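Reader: I've got the sequence and the fold up on my screen. Could you walk me through it, one question at a time?

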Amino acid sequence: MVLSKKERRIVIVIGITIGVACSSMLVRYAMQQKTMKSENRPGNYESQMTAKDKNKFPPLPEEVIKSVRNGVVVYFDYNQSVGNPPLKSCRSWVLETTGSFRSERLFILVEQNIYPGNSINYYRASELYLSIMEGETEEEITEKLDPRAYRIIGKNSKTNEFILQIRHFSPSDIKKTIEDLPTKIPSINGIRLVRWTP
C-alpha cells in the first residue's frame with residue numbers, strides 16, 4: 001500500500017508533534033528530578049543539613065535567605081559567638097555564596113542573637129584582620145604562621161591591619177583562631193572579624 005503525498009505529510013506532522021510532546025515531557029521530568037535532588041542535597045537551605053559534615057541546622061532567618069540567595073550552608077554551631085562583644089546565646093552559620101567563577105565565591109559567617117530581638121551580624125568567614133606589634137614585619141609574622149592553616153593575603157590600607165586567610169573556618173574554628181593565635185604568637189596585637197555587608 002502506497003501513501004499519497006497528502007497522507008505522507010499528515011503522517012510526518014503527526015510524528016513530529018508526538019516527538020516534540022514526548023521530548024518536552026522528558027525534559028520537564030528531568031528538570032523536576034534535578035530540582036528535587038538539589039533541594040535535598042546537604043547544604044541547601046531546605047535540606048537543613050550542613051554540606052561539610054551533614055549536621056542538622058535550624059531554618060535560616062528569612063533576612064539571611066534574602067541577603068544570601070542560593071547559598072550553601074557549610075557549617076552550623078550553637079553558641080560559638082566570635083563577634084565583639086560575643087553573644088551569650090546565638091546561632092552561627094557559615095554560608096558559601098555561589099558564583100560562576102571561583103573568585104566570585106565567598107564564605108560568610110552569619111551570627112543570630114537568639115535573645116533579645118534576634119539581631120543578625122554578617123562577617124567574612126575565611127578572612128580575619130590581624131594587627132602586629134610595632135617593629136614586626138609581614139615576613140616575620142608569616143614565618144611564625146603555620147602555612148597549612150594561615151596565609152597573609154594583603155593589607156587593609158585604611159587600618160594598616162593584615163588580611164589573614166584561614167583554612168579552617170567553622171564558627172568554633174574561627175573562635176579558636178581568635179583566642180589562640182595571639183597566645184601562640186605574642187607579636188600579634190589583635191585579631192578580629194571582617195564585617196560583611198549584604
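Author: Helices here are DSSP runs of H or I with at least four residues, strands are runs of E with at least two, and both are numbered from the N terminus. Before we go on, this is a predicted model, where local features need pLDDT of at least 70 and side-chain atom pairs count only at pLDDT 80 or more, while totals for chains, interfaces and linings use all residues. Residues are numbered from 1 along each chain as its sequence is written, and side-chain values use heavy atoms, with hydrogens and water left out.

Reader: Is Thr 50 buried or exposed?

Author: Buried means under 20% relative accessible area, exposed over 50%, and partly exposed in between (1.4 Å probe, protein chains only). Thr 50 has a relative accessible area of 0%, so Thr 50 is buried.

Reader: Which residues does Thr 50 touch, not counting those up to four places away in sequence?

Author: A contact here means heavy atoms within 4.5 Å. With residues up to four places away in sequence not counted, Thr 50 touches Pro 42, Gly 43, Asn 55, Phe 57, Val 73, Val 74, Tyr 75 and Phe 76.

Reader: Let's pick up Val 74 from there. Where is Val 74 found, and how far is Val 74 from Ser 170 in space, C-alpha to C-alpha?

Author: Val 74 belongs to strand β1 (residues 72-78), and because its relative accessibility is 9%, Val 74 counts as buried. Leaving aside neighbours within four places in sequence, its contacts are Thr 50, Ala 51, Lys 52, Val 94, Glu 96 and Phe 107. Val 74 and Ser 170 are 96 residues apart in sequence, yet from C-alpha to C-alpha the spacing is 8.0 Å.

Reader: And Ser 170 itself, which residues does it touch, not counting those up to four places away in sequence?

Author: Ser 170 lies in the loop between β6 and α4 (171-184). Its relative accessibility is 7%, so Ser 170 counts as buried. Not counting residues up to four places away in sequence, Ser 170 touches Tyr 75, Asp 77 and Val 94.

Reader: Now the sheet pairings. How many bridges join β2 to β3, and how many join β3 to β4?

Author: Two strands pair if DSSP finds at least two bridges between them. Strand β3 (residues 107-113) is mostly covered, with seven of its seven residues buried. Phe 107, Leu 109, Glu 111 and Asn 113 point one way, while Ile 108, Val 110 and Gln 112 point the other. Both pairings are antiparallel: strand β2 (residues 90-96) joins β3 by seven bridges, and β3 joins strand β4 (residues 120-132) by five.

Reader: Which residue takes a positive phi in the hairpin of β5 and β6?

Author: Four of the five residues of β6 are buried, so β6 is largely enclosed by the rest of the structure. β6 runs antiparallel to β4 over four bridges, with Leu 130 opposite Phe 162. Strand β5 (residues 150-155) pairs with β6 in the antiparallel sense over five bridges, and Tyr 150 stands opposite Ile 166. The hairpin has six residues between the strands, and the one with a positive phi, near 65 degrees, is Asn 160.
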